[in-house]
Amino acid sequence: MAEARAELPRDNRAKILISSIAVLLVVAVAAGVTAFLGRSTKRAGISGGFTVAAGQLTYRSMVQGPDFGKVVELPIGAASNAVPMVSSVQCERSYTASGVLLCLQSEGSLISQPYAEIYNSSFKQIKKLAITGTPNRARLSVDGRMAAWTTFVTGDSYTQPGASTRASVLDLKTGTYVDSLENFNSYVDGKLYKAVDINIWGVTFTADDNTFYATMGSNGNTWLMKGDFKARTLTSLRENVECPSLSPDGTRLVFKKRVSDDIRHPWRFTVLNLATMQETPLAETRSVDDQAAWLDDDTVMYAVPHDDDPGSDLYAVPADGTGAPRLLAPNGMSPSVTSG
């Protein structure tokens, strides 16, 4: 008689399947990046001239070769053929402000440990913090005091087998660290909101180093949340807002608005006037999955993935809905303009 085979509980089988898929995805991504980089010796620019100076456009280089992933900079308004200055710092996501560089990067190969690293204008590392998840978004306040990042993580919720998000904030002046903004009290329509599936992502700071905006998602909905860091609260302002980014003058947010149920083209960049709550769709009609940044008070910028390789290019578009997208810098992502 054939021996009976023990059946794994359904939950255990699901966890094994998810773990197996995760490992395969890591291997596939690593193989894809390796194939993308190949043996190219092309450089992203000139080494040794990176300054983290005010008025510079900084971004992560996607040039195939030894500088892949390094943070580079160009003067705002530089000619299309200008040569970037290349730093020695390699990141998966980056952001600069007031002589501070926030770098999210992972160490290790198959099993990697991600870190949030802070560098000063002399490229001295002043903080290194182990974080959880895959780096996805990075932001600094205008004076470089407040740092925030979003990661994709697994295991935060038993109700959702896929990845969730975690938004963290670090006050570089006081050392206060909030591992997850989900620990704040969240209010939707004036009532305390409690749910097991809350996710928060896409932080952007105001100039007072206390107020910030972010997205909260739960039960298939997304809200623009206004945060108070000292009070540990988040308050809903509006639905259907993802990855907000505050303008330099503090009057508007650019964000991803969900405009379609088509998973291939769900979003459109839109600007929200915080005084009137009027929305303005931007001339970029491609569905771009990025937390846009501001090139100046009149222009937003973002990374558009390549169709045929893992790279991306930086584009800019007017913030008033006019004009058309233009190429800002080839082979780049994670842009910021260093504040003074």
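Student: In which loop is methionine 277 placed?
Tutor: This is a predicted model: local features need pLDDT of at least 70, side-chain atom pairs count only at pLDDT 80 or more, and totals for chains, interfaces and linings use all residues. Numbering starts from 1 along each chain as its sequence is written, and side-chain values use heavy atoms, leaving out hydrogens and water. Strands (E, at least two residues) and helices (H or I, at least four) are DSSP runs, numbered from the N terminus. Methionine 277 has its place in the loop between strand 21 (267-273) and strand 22 (279-281).

Student: Is methionine 277 buried, partly exposed or exposed?
Tutor: Buried means under 20% relative accessible area, exposed over 50%, and partly exposed in between (1.4 Å probe, protein chains only). Methionine 277 has a relative accessible area of 25%, so it is partly exposed.

Student: What value is the phi of methionine 277 near?
Tutor: Methionine 277 is a residue other than glycine. Its phi is still positive, near 60 degrees.

Student: How many strands are in the protein?
Tutor: The protein has 340 residues, and 46% of them count as buried. Its helix count is one, and its strand count is 27.

Student: Why is strand 19 largely enclosed by the rest of the structure?
Tutor: Strand 19 covers residues 242-246. Cysteine 243 counts as buried at 1% relative accessibility. Strand 19 is largely enclosed because, of its five residues, the number buried is five.

Student: To which strand do three bridges join strand 19?
Tutor: Two strands pair if DSSP finds at least two bridges between them. Serine 245 stands opposite valine 254. The strand joined to strand 19 runs antiparallel to it and spans residues 252-258: strand 20.

Student: Which glycine takes a positive phi in the hairpin of strand 19 and strand 20?
Tutor: The hairpin has five residues between its strands. The phi in question is near 75 degrees, and it belongs to glycine 250.

Student: Which cysteine does a disulfide join to cysteine 91?
Tutor: A disulfide is a pair of cysteine sulfur atoms within 2.5 Å. A search of the whole structure finds one. Its S to S distance is 2.1 Å, and it joins cysteine 91 to cysteine 103.

Student: How many residues apart in sequence are the parts tied together by this cysteine pair?
Tutor: Cysteine 91 lies in the loop between strand 4 (85-90) and strand 5 (93-97), and cysteine 103 lies in strand 6 (residues 100-107). Both cysteine 91 and cysteine 103 are buried. The pair therefore ties together parts whose separation in residues is twelve.

Student: Is the pair of phenylalanine 50 and phenylalanine 123 stacked, tilted or edge-to-face?
Tutor: Rings of Phe, Tyr and Trp (its six-membered ring) pair if their centres lie within 6.5 Å; planes under 30 degrees apart are stacked, over 60 edge-to-face, and the rest tilted. The structure holds six aromatic pairs. Here the centres are 5.3 Å apart and the planes at 65 degrees, so the pair is edge-to-face.

Student: Is the pair of tryptophan 149 and tyrosine 177 stacked or edge-to-face?
Tutor: Tryptophan 149 is buried, with a relative accessible area of 1%. Tyrosine 177 is partly exposed at 29%. Their ring centres are 6.1 Å apart and their planes at 25 degrees, so the pair is stacked.

Student: Over the face of which tyrosine does arginine 286 lie?
Tutor: A charge sits over a ring if NZ of Lys or CZ of Arg is within 6 Å of the ring centre and within 35 degrees of the ring normal. The charged end of arginine 60 sits over the ring of phenylalanine 68, 5.2 Å from its centre. Arginine 286 is at 4.4 Å from the ring centre of tyrosine 315.
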